[in-house]
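Good morning, and thank you for coming.

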Amino acid sequence: MRDGQVVKGVRFREHRVVGDILDLAARYRDEGADELVFYDITASPEGRSVDRSWVARVARLLDIPFCVAGGIGSVQDAEEILNAGAEKISVNSPALADPELIDRLAERFGAQCVVVGIDSQTTPEGYRVYQFTGDPARTRDSRRDTLAWVREVQQRGAGEIVLNCMASDGTRHGYDIEQLRRARALCAVPLVASGGAGSPAHFEAVFRDAQVDAALAASVFHSGAITIPSLKQSLATAGIEVRR
Amino acid sequence: MSAPLDVAIIDSGGANLASLRYALERLGARTHVSRDPEAIGAAPRVVLPGVGAAADAMRRLRGTGLDTVIPRLRVPLLGVCLGMQLLFEHSAEGDTPCLGVLPGRIERLTTSPGLPVPHMGWNTLEPLVADPLLAELPAAAYVYFVHGYAAPVGAATIAGVQYGRPFSAVVRRDNFWGVQFHPERSAKAGAQVLRNFLALPVAGSA
């Protein structure tokens with residue numbers, strides 16, 4: 001999300017507007033999405049927290065869980081969002097700058113509310129955590145190893161990890177199974193795969209081969225390339241349990 | 001006199017009162033959030049929500065005297081998630097004495113490979129006893145859970161759920177109902193449970 005509208009980029013660049021927040025939220029609710037995640041991608045690069053007026057409007061509309069991410073840098077930021085009706089808050093860049101934020105959030109709200117989002121880039125030195133990924137001009141390597149960070153955030157109280165594999169994001173060539181499998185081996189909390197979904201087979205592969213708890217996608221749903229009911233039908237046919 | 005669709009939501013200090021309120025309002029209820037023992041004692045229906053830690057929530061209830069008011073209520077009460085757990089005698093979370101309305105103790109979920117704790121996600125209800133709160137639910141309805149502690153299946157259990165082992169998903173004794181899952185975030189199945197709660201006779205269940 002940027003400036004009240006939903007946008008989607010390719011590999012974190014060239015974001016374009018894809019629709020109004022409430023319209024999309026209602027559409028995905030009706031199609032049978034199991035959870036929605038709202039990323040305010042410009043919040044952290046601009047040094048501000050999310051504009052929260054839309055959180056309550058989304059909460060009134062939705063009867064499924066949703067998570068809000070973007071520039072949440074304090075317990076108070078998180079409290080306002082949770083009080084407005086979100087189930088979970090997700091921290092990414094602010095947790096890299098201040099890892100103890102994760103401890104404070106988990107202590108105050110419980111681990112179940114605290115999602116840590118990790119934007120992981122594949123580099124010659126291995127998987128690296130990137131920061132400020134909402135703005136290509138400000139995106140930078142946090143100098144942290146992704147798998148070490150997966151371990152650390154759990155020790156600090158993360159109740160869920162969303163691993164967004166940047167090299168795959170928006171490409172529709174499939175999830176980064178190898179990276180997700182490595183994270184899974186270290187991850188005792190729910191692990192959500194993100195980045196690269198392009199076909200129902202990609203979802204099937206990430207559940208089967210990386211044993212993730214959930215798969216997140218944006219491009220293919222925003223564009224209508226995959227509808228949620230048809231995706232759930234193919235997953236059920238493949239023997240993967242889905243809510244219908 | 002209050003209208004029958006009035007619901008008092010007890011402000012037990014945790015976040016997440018808003019989504020319960022919105023869910024009840026979508027079904028036509030008029031809600032008010034309160035920690036005033038008099039207002040809650042006079043309400044035709046009461047919801048005890050809760051997100052957070054058991055010890056903290058009990059401290060807040062004791063601080064306002066609600067710990068003695070709640071067990072004496074004779075109207076339909078619905079505990080949600082931590083609110084359900086507080087209805088039991090004791091919680092292992094912070095070794096906390098609770099309200100004692102329901103028999104039994106809350107235990108920590110144990111982690112095992114493939115079963116992360118906290119338990120977060122959609123899971124199917126297994127009704128054990130016919131109950132008005134579970135009316136009109138489809139078989140094996142999916143509902144949304146978020147919790148690290150749980151009530152073992154016991155005398156008060158009216159529906160269970162499997163997560164490694166079975167535990168209580170829905171409990172009841174007399175006019176006290178409780179759900180471990182979040183009906184406000186459980187799509188149509190959750191709305192049906194709330195609709196059933198709003199349809200319970202206000203006179204209580206005796």
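How many residues does the contact take from chain A, and how many from chain B? The contact takes 24 residues from chain A and 24 from chain B, where two residues are in contact if their C-beta atoms, placed from the backbone, lie within 7 Å.

A word on conventions. This is a predicted model, in which local features need pLDDT of at least 70 and side-chain atom pairs count only at pLDDT 80 or more, while totals for chains, interfaces and linings use all residues. Residues are numbered from 1 along each chain as its sequence is written, and chains are lettered from A and ligands numbered from 1 in the order in which they are written.

Let me turn to the side of chain A that touches chain B. Helices (H or I, at least four residues) and strands (E, at least two) are DSSP runs, numbered from the N terminus.

Consider H2 next. Helix H2 (residues 53–61) of chain A packs against helix H1 (residues 17–26) of chain B at an angle of about 45°, their axes being 8 Å apart. Axes are lines fitted to C-alpha atoms, for helices over the stretch in contact, and angles run from 0 to 180 degrees between N-to-C directions. H2(A) is therefore oblique to H1(B); angles under 35 degrees count as roughly parallel, over 145 as roughly antiparallel, 65 to 115 as roughly perpendicular and the rest as oblique. On H2(A) the contact is made by A:Ala56, A:Ala59 and A:Arg60, and on H1(B) by B:Ala18, B:Ser19 and B:Tyr22. By class, these are four nonpolar, one polar and one charged.

A:Val75, A:Ala78 and A:Leu82 of H3(A) meet A:Arg104, A:Leu105, A:Arg108 and A:Phe109 of H5(A). That contact has five nonpolar, no polar and two charged residues.

Finally, B:Ala141 lies in the loop between strand E9 (126–127) and strand E10 (142–147) of chain B. Leaving aside neighbours within four places in sequence, B:Ala141 is in contact with B:Thr124, B:Leu125 and B:Ala189.

Terms used. Nonpolar A, V, L, I, M, F, W, Y, C, P; charged D, E, K, R; others polar.
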